Amino acid sequence: MDFVYDDQNIFAKILRGEIPNKTVYENDHALAFEDIAPQAPVHVLVIPKGAYVSLDHFARDASADEQAGFMRAIAEVCRLTDVAAGFRAIANTRAHGVQDVPHYHMHIIGGRQLGRMLQG
Ligand code: AMP
């Protein structure tokens, strides 16, 4: 599969500093920031700094260092937001997954009981 990255997407603009964000955590390979329309008391987006459109793109092509940095960022977000009672990690992907922003991102959602995973 070809993955075509559009560098005008809103998260690319956040990474370039063209749009502000509420940063929760950052390392060499990932940035985590508050979702602008939170679905729960904790709603953080973790994105790689590299140009990857989706989870399957990142999993296929990102280097081991990039993948480790991204996963460590998720660990730090979980620590910093204190989701010891539990959380949900969601990576919406393309049309069936209803992905709005074509830069890979993991939603970390928690802070309340979230109910079952899918509504229907
Ligand atoms: P998705 O449907 O998985 O692509 O989700 C995209 C998410 O990005 C949504 O939850 C939006 O609320 C969030 N979002 C869009 N623009 C911004 C922004 N400028 N800062 C933070 N979150 C944003």
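In this predicted model, helix α1 gives the largest share of the lining of the largest pocket, namely three residues. Together with α1 (10-15), strands β2 and β3 each supply at least two residues of that lining. The volume of the largest pocket is about 570 Å³. It is lined by 23 residues, and those closest to its centre are Phe11, Asp35, Ile36, Ala37 and Leu45. By class, the lining divides into 12 nonpolar, seven polar and four charged residues.

The second largest pocket holds about 380 Å³ of space. Of its 13 lining residues, Arg88, Ile90, Ile109, Arg116 and Met117 are the closest to the centre. Here β4 and β5 each contribute at least two residues to the lining. The classes are five nonpolar, five polar and three charged residues. The table sets out the two pockets.

| Largest pocket | about 570 Å³ | 23 residues | 12 nonpolar, seven polar, four charged |

In what order do the five strands of the open sheet stand? The order is β1-β2-β3-β5-β4, and the pairing is antiparallel. Strands β1 (23-26) and β4 (87-90) are at the edges with a single partner strand each, so one side of each has no neighbour in the sheet. On average, neighbouring strands are turned by 20° against each other, direction ignored.

The pairings can be taken in turn. Strand β2 (residues 30-34) pairs with strand β3 (residues 42-48) in the antiparallel sense over five bridges. Within this pair, Ala30 has Pro48 of β3 as its bridge partner. Strand β3 also pairs with β5, again antiparallel and over five bridges, and Val42 stands opposite Gly110 in β5. Strands β4 and β5 run antiparallel and are joined by four bridges. In this pairing, Phe87 has Gly110 of β5 as its bridge partner.

How many of the five residues of β5 are buried? Five of the five are, so β5 is largely enclosed by the rest of the structure. In a regular strand, side chains alternate between the two faces of the sheet. In β5, Met106, Ile108 and Gly110 point one way, while His107 and Ile109 point the other way, and all are buried.

Helix α3 (residues 64-81) lies across β1, β2, β3, β4 and β5 (106-110). The helix runs at about 160° to β3.

Ala32 belongs to strand β2. Its relative accessibility is 0%, so Ala32 counts as buried. Leaving aside residues up to four places away in sequence, Ala32 touches Lys22, Thr23, Val24, Tyr25, Val44, Leu45, Val46 and Val77. One of these, Leu45, is also among the residues closest to the centre of the largest pocket. The C-alpha atoms of Ala32 and Val42 are separated by 12 Å, and the two residues are 10 residues apart along the chain.

Ile14 lies in helix α1. Ile14 is buried because its relative accessible area is 10%, which falls under the 20% limit. Not counting residues up to four places away in sequence, its contacts are Ile19, Pro20, Asn21, Leu31 and Phe33. The C-alpha atoms of Ile14 and Phe33 are 9.8 Å apart, with the two residues 19 residues apart along the chain.

**Two residues with positive phi**

Most residues other than glycine have a negative phi. Asp82 has a phi near 55°, a positive value in a residue other than glycine. Asp82 is placed in the loop between α3 and β4. Is Asp82 buried or exposed? With a relative accessible area of 61%, Asp82 is exposed.

Val98 is not a glycine, yet has a positive phi of about 55°. Val98 is found in the loop between α4 (94-97) and β5. Val98 counts as exposed because its relative accessibility is 56%, which is over the 50% limit.

Technical notes. Residues numbered from 1 in each chain as written. Predicted model: local features only at pLDDT ≥ 70, side-chain atom pairs only at ≥ 80, totals over all residues. Heavy atoms only, no water. Pairing = 2+ DSSP bridges. Axes fitted to C-alpha atoms, helices over the stretch in contact; angles between N-to-C directions. Contact = heavy atoms within 4.5 Å. 1 Å grid on protein atoms, 1.4 Å probe; cavity = no way out; pocket = protein on both sides within 12 Å on 5 of 7 lines; lining within 4 Å. Points joined across faces, edges and corners; volume = space filled by probe spheres on them. Nonpolar A, V, L, I, M, F, W, Y, C, P; charged D, E, K, R; others polar. Buried < 20%, exposed > 50% of the residue type's maximum accessible area, 1.4 Å probe, protein only.
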